[in-house]
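Q: I have just opened this entry for the first time. Could you walk me through it?

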Amino acid sequence: MMIRYASYFIAALLPLLLFRWFVPASVGEIDFWLLWLLAMIVVSLPVVYAEVALAYRSVDAPLAGMQKLTREADASPVWRSFGWLAALVSIVIAALVISGASTGILSALTELNSVPDVPSFALAAGLIVITVLLSLLGVAPLPIGLGLMVVGLLMGLTNGLPTIDFAMTGINLSEWARAVALALVSVGAGTGLYWFGQNLVTKQVITANTHDGQKRDTREYRATKSVLPIWILQLCVGVVVLLLSGMAVPPIGQLLYWGGVLFVASYLLHYSTQQLAHKFGLMISLIATFVLALVLVVAVPTTWLVGLLVIVSTVAVLLLSIFAGWQMKISHLRKSLNFGNEAFYNLWRVAIRLVVPLALLLALIGWVMQWLS
């Protein structure tokens with residue numbers, strides 16, 4: 001039962017995890033949130049549709065599924081790099097939020113006059129060990145993490161909602177870049193998490209055996225039934241996070257919130273480990289995930305982790321959109337998406353082939369301009 005709802009937990013949790021890293025200094029910038037909404041519609045929504053469609057077509061997890069799909073489409077093996085990048089994006093997100101948890105826990109303990117006599121990097125390393133151990137539990141930590149985070153935020157509501165001064169500001173490429181990055185990371189686009197979740201559900205549902213031993217899904221499948229609830233949930237949670245931005249949370253609430261973050265990060269590491277296990281086996285993949293996450297948390301500054309996440313996730317989504325839009329056979333994707341109206345399919349195809357790559361390239365230019373300035 002938990003596996004069936006894993007994608008919905010992720011949809012609710014990713015905005016809670018990642019909004020703080022990409023929102024503007026003044027959260028009342030109306031034009032930024034309008035750009036974010038536009039990016040959610042024209043970039044994130046088509047990409048999530050592509051992930052779910054490829055999951056249904058491949059009947060496998062991202063890394064193994066891309067191997068099947070490239071052979072089926074007679075496409076270059078270079079497109080398989082999406083599976084590797086998706087696993088890397090997941091590890092980078094986990095490292096970023098664990099780094100934030102380390103800082104947040106130290107801040108909360110300072111307010112409680114209970115700061116441990118250990119270096120900050122040692123605390124971060126200890127949190128990585130805890131998170132990797134939790135990752136062995138698979139999907140189970142997700143509801144626990146969501147519960148702890150919500151309770152922590154609810155404790156902050158005792159101080160009242162923060163006052164937000166909404167105003168229009170100037171629109172530029174840097175603002176578009178942040179809006180696109182926020183739209184991508186808040187929906188998990190480029191991580192393959194929904195592809196992975198769809199595959200887990202499919203494995204559970206496919207139970208009717210035919211006489212030849214093949215297993216088939218006997219349900220009527222439509223991608224929209226999976227995609228729209230996820231996307232709408234992310235949009236609603238995003239609005240809630242916007243309203244809660246800047247809210248003062250008491251120290252105990254902070255500790256509960258960051259404890260929940262660790263539980264959620266464990267699922268991200270579980271996912272990346274499962275992907276790498278397709279090539280290297282479970283034990284080697286677990287060790288590799290632990291070492292990479294440890295290096296990222298201990299040795300890489302948080303601002304660099306944000307930049308790395310932007311670059312890797314953007315490249316991953318770009319690869320996915322070009323592969324789905326230009327390499328896959330039209331008939332295969334039409335069947336995998338199973339839209340009720342041909343016009344919807346044509347709109348999606350235009351978006352995934354042209355709109356998404358163009359929007360991503362403009363966002364990358366905006367990031368470069370921001371970094372250079």
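The conversation below goes through helix packing, the nonpolar core and some individual residues.

Q: Before anything else, what kind of model is this, and how are residues numbered?
A: This is a predicted model, in which local features need pLDDT of at least 70, side-chain atom pairs count only at pLDDT 80 or more, and totals for chains, interfaces and linings use all residues. Residues are numbered from 1 along each chain as its sequence is written, and side-chain values use heavy atoms, with hydrogens and water left out.

Q: Let us begin with α2 and α14. At what angle do they cross?
A: Helix α2 (residues 30-58) and helix α14 (residues 342-372) cross at roughly 125°, and their axes come within 9 Å. Helices here are DSSP runs of H or I with at least four residues, numbered from the N terminus. Axes are lines fitted to C-alpha atoms over the stretch in contact, and angles run from 0 to 180 degrees between N-to-C directions.

Q: How is that orientation of α2 and α14 classed?
A: The two helices α2 and α14 are therefore oblique to each other. Angles under 35 degrees count as roughly parallel, over 145 as roughly antiparallel, 65 to 115 as roughly perpendicular, and the rest as oblique.

Q: Which residues of α2 and α14 meet?
A: From α2, Val42, Val43, Pro46, Val47, Tyr49 and Ala50 meet Trp348, Ala351, Ile352, Val355, Val356, Ala359 and Leu360 of α14. Contact means heavy atoms within 4.5 Å. The residues of this contact between α2 and α14 divide into 13 nonpolar, no polar and no charged. In this division, Ala, Val, Leu, Ile, Met, Phe, Trp, Tyr, Cys and Pro count as nonpolar, Asp, Glu, Lys and Arg as charged, and the others, Gly among them, as polar.

Q: And α5 with α11: what is the angle there?
A: Helix α5 (residues 120-135) packs with helix α11 (residues 282-299) at an angle of about 150°, and their axes are 10 Å apart. The pair α5 and α11 is therefore roughly antiparallel.

Q: What does each of α5 and α11 bring to the contact?
A: On the α5 side are Phe121, Ala124, Ala125, Ile128, Val129, Val132 and Ser135, and on the α11 side Leu286, Phe290, Ala293, Leu294, Val297 and Val298. The contact of α5 with α11 has 12 nonpolar residues, 1 polar and no charged.

Q: Where is Ser285, and is it buried or exposed?
A: Serine 285 is in helix α11 and is buried, with a relative accessible area of 0%. Buried means under 20% relative accessible area, exposed over 50%, and partly exposed in between, with a 1.4 Å probe and protein chains only. Leaving aside neighbours within four places in sequence, serine 285 is in contact with Thr273, Leu276, Ala277 and Phe280.

Q: How do α3 and α10 cross?
A: Helix α3 (residues 62-72) and helix α10 (residues 251-280) cross at roughly 45°, with axes that come within 8 Å. That makes α3 oblique to α10. The residues of the contact of α3 with α10 divide into 5 nonpolar, 3 polar and 1 charged.

Q: Changing topic: how many residues are in the largest nonpolar core?
A: The largest nonpolar core has 126 residues, and Phe22, Trp36, Leu142 and Trp348 have the most contacts inside it. Such a core is a set of buried Ala, Val, Leu, Ile, Met, Phe, Trp, Tyr and Cys residues joined through side-chain atoms within 4.5 Å.

Q: What does Trp36 touch?
A: Not counting residues up to four places away in sequence, tryptophan 36 touches Phe19, Ala179, Leu182, Ala183, Ser186, Leu235, Gly238 and Val239.

Q: What about Val48: where is it, and what does it touch?
A: Valine 48 is in helix α2 and is buried, with a relative accessible area of 2%. Not counting residues up to four places away in sequence, valine 48 touches Val187, Tyr194 and Val227.

Q: Lastly, what is the phi of Asn113?
A: Phi of asparagine 113 is near 55°, a positive value in a residue other than glycine. Most residues other than glycine have a negative phi. Asparagine 113 lies in the loop between α4 (81-111) and α5 and counts as exposed, at 71% relative accessibility.

Q: And Asn338?
A: Asparagine 338 also has a positive phi, of about 50°, although it is not a glycine. Asparagine 338 is in the loop between α13 (330-337) and α14 and counts as partly exposed, at 27% relative accessibility.
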